[in-house]
Amino acid sequence: MGNALMSGVSGLKAHQTMIDVAGNNLANVNTTAFKSSRVTFAELLSQTLKDASAPTEGNGGTNPMQIGNGVLVGSIDRNMAQGSLEYTGNPLDMAIDGNGYFTLNDGLADKYTRVGQFAVDSEYYLVDPTTGYRVQRIGNEGVEEGFQSATSNDIRIPYDVALAAKATETVDFVGNLSADIDEPTTNMITGGLKYTDASGSVASYPTLLSNLAQTSGLEAGDTIDIVGTQRDGTVVNGTYTYAVGDTIQDLLDSISGFFPGSTADISNGEIRLSDDTSGYSQCYIEKMEFTDVSSGAATFELPVQFDIETVGGQLEKTVDVEVFDAQGNSYSIAGSFVRTNDTNTWDFAVKAITGDVVVVDRFIRGIKFQTDGSFGELTGGDLGGNTITLSFPSDPTNQPAITLNLGERGSLDGLTQFGDASTAASSGQDGYAAGWLSTMSVSNEGTLVGVFSNGVRRDIAALKIATFQNPAGLKSIGSNYFEPSANSGDPVPNKATEGGAGNVSGGSIEKSNVEVAEEFINLIEAQNGYQANARTIKVANEMLGELTNLIR
């Protein structure tokens, strides 16, 4: 009966543990990402009353005679099964759908958790608000932009770091340029500088050049060099020589003489050069440069550059493009594609640009299409590269070239040339103004993605997700954290979706995997087991009492 008493006591202890485990599971039924536990029992070493005997020729064998000594708790195992995900809408809530664990650091060592309810502290670190542990990153996302420190794995949310502006380097174009519509246009350029006389009145044909408010000290022999191209593309290098008494008309007549088929005039005080007939034209004044060859004190203000009001061609398709300088200042380009006299060939021209931007190289010549309407090639040689060159007022000594991405040879994903209307337009460019972080989200790959005030999206950091060979072997250290044990294996750092880590679901949390109905059943079973073992002790005690009474 001593064995009965000891077995009963061991049974009470074992079922007390079972109740404790079930009670803990139920207590954590609403704990984020909690993993339930279960108890397994094992029999204690039995007392052998008689060993087994082997069969003989005349007798059969006998089994061993043993009496058990009770029960012990064989193991308390964690159920590491996935909990259901609940959407919260909070961008800093994250849940792992898979086998990985978020990695956080307490300042001394990494800790691991399935709970992804994070917050940003006063120093902009992504932390667990309950413990202050910092969320860890992996990879180089956000380092180049200055969002993350190259010497630390702590994730910072860069609300205090501006995304630097980026100058435009490439402009993309898509759409059609009509192959069959003919609407010839007449080339016209204008200098943009308004000439006035000394009284402030708008200058006209009879106004003396010496009476212009934009001139001083003119003397005979002073010159204006004029560089450009004629309508047929012939290079112009002409020189106008001033004579005393010359009027604006004399200058205009000289300009007209350098550009056969075109006529220079003045309109509202601005020098204008227009073709005499419509159709494809390369007429343009690249620059006008004054030289005082007499006293050295004369001045003559001339247009910095000429804008194009209409590009001469068989058909013109205007487009608008936004570009940025290195400081993030925005400028708007008015441009045109114009069909030339060559079959299936177009040019591009920058007609005008806002601000005090100087267009150093505004033409792209020889944009060729194949006979099936797909993009072909640029045939203009040195004149037909696919770049335009600008000089921004923020950095006038620098002249960045902007590439126009018109398409791949033989493809239809850029510009095309088919019948019907022209639809060509800019589909985007890679420059942007400076910006500050506005909103943030997390991708399935565990990458924190920021949207900045300039509309640009940038990767901020990638979450370090750890996996373990035996996650059930992890040791709980409280506050929903685990640390490796001798049987869990070492942590293997990954990005989400790699190495079995699973996906990260943004704006969600993982629920506890406790099954309430199952735990209630466990409670009933534990209660029944406890009562049965208590009854064993009671019966054994009563029998011992009867034995004691025999000697009274």
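Colleague: How much space lies in the second largest pocket, and what makes it a pocket?

Modeller: About 230 Å³ lies in the second largest pocket. Of its 14 lining residues, G191, G192, P303, V304 and Q305 are the closest to the centre. A pocket is an open set of points on a 1 Å grid over the protein atoms alone, with protein on both sides within 12 Å along at least five of seven lines, whereas a cavity is a set where a 1.4 Å probe fits but cannot get out; lining residues have an atom within 4 Å of a point. Points are joined across faces, edges and corners, and the volume is the space filled by probe spheres set on them.

This is a predicted model, in which local features need pLDDT of at least 70 and side-chain atom pairs pLDDT 80 or more, while totals for chains, interfaces and linings use all residues. Residues are numbered from 1 along each chain as its sequence is written, and side-chain values use heavy atoms, without hydrogens and water.

Colleague: Why is N105 called buried?

Modeller: Buried means under 20% relative accessible area, exposed over 50% and partly exposed in between, with a 1.4 Å probe and protein chains only. N105 has 18% relative accessibility, so N105 counts as buried.

Colleague: What makes Y101 and F468 an edge-to-face pair?

Modeller: Rings of Phe, Tyr and Trp (its six-membered ring) pair if their centres lie within 6.5 Å; planes under 30 degrees apart are stacked, over 60 edge-to-face and the rest tilted. Y101 and F468 are 5.8 Å apart centre to centre with 80 degrees between the planes, hence edge-to-face. Y101 is in strand β7 and F468 in the loop between β35 and β36, so the pair ties together parts 367 residues apart in sequence. Strands are DSSP runs (E, at least two residues), numbered from the N terminus. Y101 is buried at 3%, and F468 at 9%.

Colleague: Why is the pair of F173 and F348 called tilted?

Modeller: The ring centres of F173 and F348 are 6.0 Å apart and the planes are at 55 degrees, so the pair is tilted. Both F173 and F348 are buried.

How values were computed
Helices (H or I, at least four residues) and strands (E, at least two) are DSSP runs, numbered from the N terminus.
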